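Dear colleague,

Please find below the structure that I am handing over to you. My findings follow directly after it.

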Amino acid sequence: MDVEVLVDVLLEEMQIYQLLEHFKDANLSADEARILIHAREIGSVNNVICRNYTGLDTLAASGMLRRLRDPGLLVQHSHASAT
(Lines give C-alpha, C1' and ligand atoms only; values in the text may rest on other atoms or scores of the structure.)
Protein backbone atom coordinates (compact mmCIF):
# COMPACT_ATOMS: atom_id res chain seq x y z
CA MET A 1 0.00 0.00 0.00
CA ASP A 2 1.28 3.44 -0.94
CA VAL A 3 2.32 5.63 2.02
CA GLU A 4 0.06 8.48 0.87
CA VAL A 5 -2.92 6.13 0.68
CA LEU A 6 -2.14 4.76 4.14
CA VAL A 7 -1.96 8.29 5.56
CA ASP A 8 -5.28 9.17 3.93
CA VAL A 9 -6.90 6.04 5.36
CA LEU A 10 -5.57 6.78 8.83
CA LEU A 11 -6.78 10.39 8.66
CA GLU A 12 -10.22 9.23 7.54
CA GLU A 13 -10.38 6.72 10.41
CA MET A 14 -9.37 9.44 12.87
CA GLN A 15 -12.13 11.71 11.55
CA ILE A 16 -14.69 8.92 11.94
CA TYR A 17 -13.48 8.26 15.48
CA GLN A 18 -13.72 11.98 16.31
CA LEU A 19 -17.23 12.12 14.85
CA LEU A 20 -18.37 9.18 16.96
CA GLU A 21 -16.58 10.54 20.04
CA HIS A 22 -18.54 13.78 19.60
CA PHE A 23 -21.81 11.81 19.75
CA LYS A 24 -20.84 9.33 22.50
CA ASP A 25 -23.45 10.74 24.89
CA ALA A 26 -26.19 10.08 22.32
CA ASN A 27 -26.00 6.30 23.03
CA LEU A 28 -26.03 5.41 19.34
CA SER A 29 -26.53 1.86 18.15
CA ALA A 30 -23.98 0.44 15.70
CA ASP A 31 -26.50 0.94 12.87
CA GLU A 32 -27.15 4.55 13.87
CA ALA A 33 -23.41 5.21 13.95
CA ARG A 34 -23.03 3.69 10.47
CA ILE A 35 -25.80 5.94 9.15
CA LEU A 36 -24.12 9.04 10.63
CA ILE A 37 -20.77 8.02 9.14
CA HIS A 38 -22.42 7.55 5.74
CA ALA A 39 -24.12 10.95 5.98
CA ARG A 40 -20.81 12.57 6.92
CA GLU A 41 -18.87 10.92 4.10
CA ILE A 42 -21.45 11.20 1.31
CA GLY A 43 -23.35 14.28 2.46
CA SER A 44 -26.79 12.70 2.60
CA VAL A 45 -28.74 9.66 3.66
CA ASN A 46 -32.27 8.53 2.90
CA ASN A 47 -34.63 5.70 3.74
CA VAL A 48 -33.33 3.43 0.96
CA ILE A 49 -29.72 3.86 2.07
CA CYS A 50 -30.71 3.31 5.69
CA ARG A 51 -32.53 0.08 4.76
CA ASN A 52 -29.54 -1.13 2.71
CA TYR A 53 -27.11 -0.51 5.59
CA THR A 54 -29.30 -1.97 8.33
CA GLY A 55 -31.67 -4.49 6.77
CA LEU A 56 -34.59 -2.68 8.39
CA ASP A 57 -37.98 -2.34 6.71
CA THR A 58 -39.25 1.04 5.49
CA LEU A 59 -41.09 1.92 8.69
CA ALA A 60 -38.22 0.96 10.99
CA ALA A 61 -35.70 2.85 8.82
CA SER A 62 -37.93 5.93 8.95
CA GLY A 63 -38.02 5.63 12.74
CA MET A 64 -34.25 5.42 12.93
CA LEU A 65 -33.79 8.47 10.71
CA ARG A 66 -36.36 10.36 12.80
CA ARG A 67 -34.50 9.41 16.02
CA LEU A 68 -31.32 10.82 14.49
CA ARG A 69 -33.09 13.92 13.20
CA ASP A 70 -35.04 14.90 16.32
CA PRO A 71 -31.99 15.64 18.51
CA GLY A 72 -30.25 17.35 15.57
CA LEU A 73 -27.79 14.61 14.63
CA LEU A 74 -29.20 14.73 11.08
CA VAL A 75 -30.89 17.64 9.33
CA GLN A 76 -33.89 16.88 7.15
CA HIS A 77 -34.10 18.56 3.78
CA SER A 78 -37.12 18.69 1.51
CA HIS A 79 -38.28 15.34 0.19
CA ALA A 80 -37.42 14.35 -3.37
CA SER A 81 -40.23 14.30 -5.89
CA ALA A 82 -42.19 11.06 -5.85
CA THR A 83 -43.03 11.31 -9.56
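Please bear in mind that the model is predicted.

Helix 3 comprises residues 47-54. At its start, a side-chain oxygen of N46 comes to within 3.1 Å of the backbone nitrogen of V48. After the helix comes G55, which has a positive phi near 80 degrees.

Three residues of helix 3, namely N47, C50 and T54, are buried. Viewed along the helix axis, the buried residues fall within an arc of 60 degrees, so they line one face of helix 3. These buried residues pack against helix 2 and helix 4.

The side chain of N47 reaches the backbone oxygen of T58 at 3.1 Å. Leaving aside residues up to four places away in sequence, N47 touches T58, A61, S62 and L65.

The largest nonpolar core consists of 10 residues: I35, L36, A39, C50, A61, M64, L65, L68, L73 and L74. Helix 2 (30-42) and helix 4 (58-69) each contribute at least two residues to this core, and the largest share, four residues, comes from helix 4.

With kind regards

Key
Residues are numbered from 1 along each chain as its sequence is written. This is a predicted model: local features need pLDDT of at least 70, side-chain atom pairs count only at pLDDT 80 or more; totals for chains, interfaces and linings use all residues. Side-chain values use heavy atoms; hydrogens and water are left out. A polar contact is a pair of N or O atoms within 3.5 Å; within protein, one must be able to donate a hydrogen and the other to accept it, and residues adjacent in sequence count only if both atoms are side-chain atoms. Contact means heavy atoms within 4.5 Å. A nonpolar core is a set of buried Ala, Val, Leu, Ile, Met, Phe, Trp, Tyr and Cys residues joined through side-chain atoms within 4.5 Å. Buried means under 20% relative accessible area, exposed over 50%, partly exposed in between (1.4 Å probe, protein chains only). The arc is that of the directions from the helix axis to the C-beta atoms.
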